[in-house]
Amino acid sequence: MKSGVDLQRAAMAEICSTRDDWSFHVTSDPLTRFLRDRRLRTALRMLRVRGLLDPARQSVLIVCGGVGGEGVFLSRYGFKDITVSDLSEEALAVCRGLEPTLRTMSLNAENMAGIPDSSYDLVLVQDGLHHLPRPVLGFTEMLRVARTAVIVIEPHDGLVGRAIGTEWERHGDVVNYVFRWNRSILNQATRSYLLCKRAIVLPHRMWDHNVVVGKLARRFPERWRLTVAKTVYRVLRPVNRAGNMMVAVVVKPDGDTTRGSGL
Ligand SMILES: C[S@@+](CC[C@H](N)C(=O)[O-])C[C@H]1O[C@@H](n2cnc3c(N)ncnc32)[C@H](O)[C@@H]1O
């Protein structure tokens, strides 16, 4: 029987061989950029207000980075030392084609044994952990190899997400269970791994439905589209606490206290 990891590898190879337009990752269309970059900008803001953002100096590892959407964004944001990792060699080849300055690395997010502890200042995943058979293991591996902080952008558990969200994601014969996070899971996974009270766990819940919002905005004349999309999310802001998406930052305590020395 093929493992969930093998199935994911095969699914991405198939997607890369059948899709030839990845330009939405590099477009400068304001609506697409707003929709695609919003969650990443939220995460970086959470680091910036805590004085933990220094793009010119910080190294970043992107996990489950696919064809490099997050890498392109971070590069344009000013980060200089970016590594995009993914299980799929095919996806990484597309990534190098889109943005040749990005470093790429073939990596199973559940097993980063080849990477020493605290190797990267920031370690980021977006829409990736829920493709793993063992999402919490992927997360704790991220914590291990991060020096300063981990950014996790994944579906948030909740009534609305469960009612209208996808529980089983299918691509052809490949299926994966959409693991949804919340404050408690994030907190427990962090503390049980780091064994440290001083780790800062910051889950931010928000609404994110780019397909629906994008479709709605594109019904309007071009000059209004960005305003429409921004307005939709602004209207939803007061009820972000019921949102379907988690943008979380976990800050490791000063020094490497992994495995217990920081209690
Ligand atoms: C939905 S895509 C997200 C890609 C990218 N983060 C984005 O939002 O554009 C999920 C990615 O996870 C990768 N993936 C699935 N299982 C993985 C694993 N065990 N280790 C590393 N990457 C994996 C897939 O190859 C795919 O590129």
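This text walks through the ligand site and then the aromatic contacts of a predicted model.

Cys-64 contributes a backbone N or O atom, which lies 2.9 Å from a nitrogen atom of the ligand. Glu-70 uses its side chain instead: an N or O atom there is 2.8 Å from a ligand nitrogen atom. Leu-87 brings a polar backbone atom, 3.2 Å from a nitrogen atom of the ligand. How much of the ligand's accessible area does the protein cover? On its own the ligand has 600 Å² of accessible area, and the protein covers 88% of it.

Next, the aromatic rings. Seven aromatic pairs turn up across the whole structure. One is formed by Trp-168 and Tyr-177. Their ring centres are 5.1 Å apart, with 65° between the planes. The pair is edge-to-face because its planes are over 60 degrees apart. Elsewhere, Phe-73, Tyr-77 and Phe-79 make up one aromatic cluster.

Finally, look for arginines over rings. Arg-19 lies over the face of Trp-22, 4.8 Å from the ring centre. Arg-38 lies over the face of Tyr-233, at 3.4 Å from the ring centre.

Conventions: Residues numbered from 1 in each chain as written. Predicted model: local features only at pLDDT ≥ 70, side-chain atom pairs only at ≥ 80, totals over all residues. Heavy atoms only, no water. Polar contact = N/O pair within 3.5 Å; in protein donor to acceptor, adjacent residues only side chain to side chain. Areas by Shrake-Rupley, 256 points an atom, 1.4 Å probe, with all protein chains shown as cover. Phe/Tyr/Trp six-rings, centres within 6.5 Å; stacked < 30°, edge-to-face > 60°. Lys NZ or Arg CZ within 6 Å of the ring centre and 35° of its normal.
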